[in-house]
Amino acid sequence: MSFDNVWLNANLATMGDDALGLIEDGAIASKNGRIAWVGPRTGLPAHAAPVTDCGGAWILPGLVDCHTHLVFGGNRAAEFEQRLGGATYEEIARAGGGILSTMRATRAASEAQLVQAALPRLDALLREGVTTVEVKSGYGLEPETELRQLRAARALGAQRPVSIVTSLLAAHAVPPEYKGRQGEYARHVAEDIIPRAAAEHLADAVDAFFDSIGFTAEETALVFAAAQRHGLPVKLHADQLTDCGGAALAAAHGALSADHLERSNSAGIAAMARTGTVAVLLPGATLILRETHFPPIAAMREHGCRMALSTDMNPGSSPALSLLLMLNLGCTLFRMTVPEALLGVTRHAAAALGLGDRGVLAEGLRCDLALYRIQRPAELCYWLGGNPCIGRVVAGIAA
Ligand code: DI6
Ligand code: FE
């Protein structure tokens with residue numbers, strides 16, 4: 001057989017079934033950036049391709065971080081200190097801090113400055129075996145800066161071996177220029193910002209923040225209708241602070257994912273399961289905000305709603321630079337099982353982005369791999385810190 005590269009002497013967690021699709025002493029072969037063969041080493045066809053001996057390492061599909069706000073100016077360590085002193089997230093936001101303080105720093109930054117600030121954050125994710133990262137806008141809240149954030153995100157993908165997937169989140173908060181005119185701002189997003197992002201091919205999806213302090217169901221519908229007119233799939237920040245029916249709303253719009261869901265009800269989860277909307281769980285935000293409401297994992301299991309896990313990397317509620325740490329928090333805080341957590345950063349995270357070409361080690365899919373020096377997959381969820389990643393392969397090339 002004609003292969004470009006072969007990886008041998010590895011144990012595989014293919015993610016091909018709900019028990020991780022384990023293959024001991026497996027082999028993977030690539031051709032033109034895709035997986036051309038995967039299975040037990042003894043079945044590998046004869047070939048003349050260069051071979052990498054993995055020394056008994058474990059190979060998983062390259063990890064997918066499916067919900068980040070990685071591109072932003074400044075940071076909010078000072079607000080973190082204020083919160084330690086007793087101020088709440090909401091109080092800081094009402095005093096003009098929070099998302100609006102990051103908005104000011106982001107508006108003041110050039111594209112090059114945004115890229116330079118984001119690169120170390122991206123590199124931290126890549127070092128752990130991440131090969132696909134979703135990046136949202138949402139700190140510009142006006143057209144120029146929203147598009148600049150998305151351009152910076154695209155530039156990150158050109159500067160590092162990684163797939164970057166972008167989401168336009170202009171409907172994240174109401175900017176000061178539109179204070180008291182939230183509906184008008186939602187219309188501005190639908191009529192001006194989405195068409196511009198679509199015309200420049202800067203957005204792969206459209207996201208919105210639907211909550212008691214966010215946009216209403218009607219405003220969200222307006223924004224999503226504009227997305228659909230431009231052929232863009234939608235996602236929703238839902239039910240983080242209150243149960244306002246966000247899970248059901250996301251399902252009604254056929255969203256790829258609904259994210260957060262700390263306070264979702266089980267009818268909403270059932271609706272998501274019916275439409276195939278993925279539940280993206282963000283335990284970093286739960287930890288940082290010291291949330292005591294956890295997402296309804298039991299309802300997700302009962303209804304067969306797929307669960308993904310992500311960092312929510314953002315300067316306010318989840319300054320999380322480690323997806324492996326989220327695996328631990330998913331298990332420890334939310335009581336996910338090891339297979340649920342690992343599917344949540346591979347197959348189900350890819351589904352949350354509408355990417356059917358990755359997240360599983362299977363023939364025909366992208367050859368994105370993460371190699372770990374571990375004895376069993378549970379170690380990826382078990383250690384609290386540390387990094388057992390010893391290699392990454394992106395589209396068949398060692399990265
Ligand atoms: N939910 C989040 O977790 C981020 N945005 C959102 O809608 C937090 C954004 C921030 O505090 O900067
Ligand atoms: Fe978020």
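Guide: Ligand 1 has 14 residues around it, and the closest are Arg76, Tyr89, Tyr139, His172 and Asp312. Keep in mind as you look that this is a predicted model. Pick out Tyr89 to begin with: an N or O atom in its side chain sits 2.4 Å from an oxygen atom of ligand 1. Now find His260, where an oxygen atom of ligand 1 is 3.2 Å from an N or O atom of the side chain. With Gln240 it's a nitrogen atom of ligand 1 that takes part, 3.5 Å from an N or O atom in the Gln240 side chain.

Now zoom out to the whole chain. It's split into domain 1, made of 5-61 + 360-398, and domain 2, which runs over 63-352. To the contact between them, domain 1 brings 27 residues and domain 2 brings 23. The C-alpha centres of the two domains are 30 Å apart. Between domain 1 and domain 2, about 1900 Å² of area is buried, with carbon and sulfur atoms giving 62% of that. On the domain 1 side, the residues that lose the most area to domain 2 are Met15, Cys381 and Arg392, which together make up 30% of what that side buries.

What holds a charge pair across this interface? The rule finds one salt bridge between domain 1 and domain 2. Have a look at Arg347 and Asp18 as well: their side chains meet in a salt bridge, at 2.9 Å from N to O. Side chains of opposite charge can pair when their charged atoms come close. As for polar contacts, 10 residue pairs make them between domain 1 and domain 2.

Which elements of domain 1 give two or more residues to the side that touches domain 2? They are strand S4 (51-61), strand S13 (369-372), helix H15 (379-382) and strand S14 (389-394). S14 gives the largest share, four residues. Sorted by kind, the residues on that side of domain 1 come out as 19 nonpolar, three polar and five charged.

One last stop takes in the whole structure, where a search finds 16 salt bridges. Among them is the one between the side chains of Lys136 and Asp207, 2.7 Å from N to O. Lys136 is in strand S6 (residues 130-136) and Asp207 is in strand S8 (residues 205-210), so this pair ties together parts that are 71 residues apart in sequence.

Definitions and conventions
Residues are numbered from 1 along each chain as its sequence is written. Chains are lettered from A and ligands numbered from 1 in the order in which they are written. This is a predicted model: local features need pLDDT of at least 70, side-chain atom pairs count only at pLDDT 80 or more; totals for chains, interfaces and linings use all residues. Side-chain values use heavy atoms; hydrogens and water are left out. Domain bounds come from an automatic or database domain assignment. Contact means heavy atoms within 4.5 Å. Buried area is the accessible area (1.4 Å probe) that two parts lose on being put together, summed over both. A salt bridge is a side-chain nitrogen of Lys or Arg within 4 Å of a carboxyl oxygen of Asp or Glu. A polar contact is a pair of N or O atoms within 3.5 Å; within protein, one must be able to donate a hydrogen and the other to accept it, and residues adjacent in sequence count only if both atoms are side-chain atoms. Ala, Val, Leu, Ile, Met, Phe, Trp, Tyr, Cys and Pro count as nonpolar, Asp, Glu, Lys and Arg as charged, and the others, Gly among them, as polar. A residue is near a molecule or strand if one of its heavy atoms lies within 4 Å of it.
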